[in-house]
Amino acid sequence: RFGEGSELSLHEAGQRLRERLSDAMGSVTRLRRAIDDGVFGIAFQPIVDIRSGAIHHFEALTRFDEAGTGSPFETILLAEETGLIEDFDLAMARKAVSWLGRLPLNDEHVCIAVNISGRSINSAAYAEGLHRLLEENIWLRRRLSFEITESAQIADLDAANGFIQGLRRRGFGVTLDDFGAGAASFRYLSVLEVDAVKFDGAAIRHAQRAQKGRAFLSALTELCRRMGISTIAEMIETPEALAFVRECGCNFVQGYLFGQPAADIGRFAQLPNRGLLVPPRRDPVGAAKA
Ligand code: C2E
Ligand code: MG
Ligand code: MG
Ligand code: MG
């Protein structure tokens with residue numbers, strides 16, 4: 001259409017570009033306001049102990065839409081691209097802390113994990129803000145943990161490890177999220193001293209189909225076990241996927257099979273498919289398979 005050279009189509013193209021720019025600027029402005037005013041939601045999804053079937057903790061996932069069901073993925077990417085992610089991750093940590101603080105007494109054992117972008121982890125402003133938040137809320141120890149997402153590359157791995165060790169020394173767990181989704185995974189695992197690794201859902205699905213996938217995932221969980229690192233399998237949707245990751249030795253599972261993210265954790269009191277998690281009686285609990 002440009003080839004036609006009509007002034008009208010050039011004018012149209014300019015118009016469209018302006019609209020897209022103003023849309024993008026609108027999104028950034030809205031995001032900035034959401035961060036400053038704390039107007040975004042949280043949904044929680046259980047992470048379940050594969051042996052006992054008990055809920056170990058909940059992952060806190062940001063929700064920007066009113067229904068609380070839409071994925072924040074695009075907004076998170078926008079925040080990473082526009083440098084707003086550190087402020088956002090801090091706002092999310094604050095929201096999670098205040099949510100934990102408002103739980104009734106009988107929920108005092110509830111633990112949650114919040115996501116941190118690989119970009120925030122190298123930010124001095126984020127580290128300082130988080131430090132202040134945690135110092136003011138010492139009761140949070142062992143109730144709060146962090147998942148480092150791989151959507152943005154970690155610029156300085158050694159500095160990131162320093163940050164991680166600071167959190168762990170103070171009693172906060174750290175998980176390496178989406179392991180297997182990015183190319184930097186191998187170096188990440190050898191440099192970052194984390195408590196747990198969460199295997200990426202798509203990578204698990206791939207391993208489930210690949211000829212040597214079972215050997216691969218089993219070896220990977222064994223490697224983690226030897227390094228003293230727990231393993232979590234995400235996006236478990238079917239009993240077959242659950243059986244696969246159990247046979248491969250994963251310690252924890254998360255996914256629609258056990259519950260979609262929801263604002264109210266009360267909904268998980270009766271965990272669906274809990275029975276699937278408890279190994280059948282005659283199963284020698286994997287020991288004989290090793
Ligand atoms: P993630 O940390 O890997 O979170 C898991 C995502 O998988 C969530 O998507 C969750 O809703 C989805 N999920 C869970 N179980 C299943 C399943 O069985 N099947 C399928 N198909 N999906 C499942 P969500 O909520 O859309 O979040 C997407 C990503 O956005 C997160 O991936 C995380 O990287 C990022 N994110 C979410 N909240 C925050 C935040 O507060 N800060 C930062 N930095 N990133 C966040
Ligand atoms: Mg996560
Ligand atoms: Mg994940
Ligand atoms: Mg993921």
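Predicted model: local features only at pLDDT ≥ 70, side-chain atom pairs only at ≥ 80, totals over all residues.

1. The shell around ligand 1 comprises 12 nonpolar, 7 polar and 8 charged residues. In total, 27 residues surround the ligand, and the closest are Thr62, Arg63, Ser71, Glu237 and Tyr256.

2. At least two residues each are supplied by the strands β2 (55–63), β3 (112–117), β4 (144–149) and β5 (173–179), and by the helices α2 (73–81) and α3 (85–101). The space that ligand 1 takes is the largest pocket.

3. A nitrogen atom of the ligand is 2.5 Å from an N or O atom in the side chain of Glu237, and a nitrogen atom of the ligand is 2.9 Å from an N or O atom in the side chain of Asp89. On the oxygen side, an oxygen atom of ligand 1 is 2.8 Å from an N or O atom in the side chain of Arg63. Taken alone, ligand 1 exposes 800 Å², of which the protein buries 90%.

4. Is Glu59 buried or exposed? Glu59 has a relative accessible area of 5%, and therefore counts as buried, the cut-off for that class being under 20%. Glu59 is placed in strand β2, an element that also supplies at least two residues of the shell around ligand 1. The side chain of Glu59 makes a polar contact with the side chain of Asn115, at 2.8 Å.

5. Asn161 is placed in helix α5, which covers residues 157–169. Its relative accessibility is 11%, so Asn161 is also classed as buried. Asn161 and Asn122 are 39 residues apart along the chain, and their C-alpha atoms are separated by 9.7 Å.

6. Ala215 may be set against the two residues above. Ala215 lies in helix α8 (residues 213–226) and is exposed, because its relative accessible area is 53% and the class begins at over 50%. How far apart are the C-alpha atoms of Ala215 and Arg33? The separation is 48 Å, for two residues that are 182 residues apart along the chain.

7. Of the residues discussed individually, Glu59 is buried, Asn161 is buried and Ala215 is exposed.

Key:
Residues numbered from 1 in each chain as written. Chains lettered and ligands numbered in written order. Heavy atoms only, no water. Near = heavy atom within 4 Å. Polar contact = N/O pair within 3.5 Å; in protein donor to acceptor, adjacent residues only side chain to side chain. Areas by Shrake-Rupley, 256 points an atom, 1.4 Å probe, with all protein chains shown as cover. 1 Å grid on protein atoms, 1.4 Å probe; cavity = no way out; pocket = protein on both sides within 12 Å on 5 of 7 lines; lining within 4 Å. Sits in = over half its atoms within 2 Å of the grid points. Helix = DSSP H or I, 4+ residues; strand = E, 2+ residues; numbered from the N terminus. Nonpolar A, V, L, I, M, F, W, Y, C, P; charged D, E, K, R; others polar. Buried < 20%, exposed > 50% of the residue type's maximum accessible area, 1.4 Å probe, protein only.
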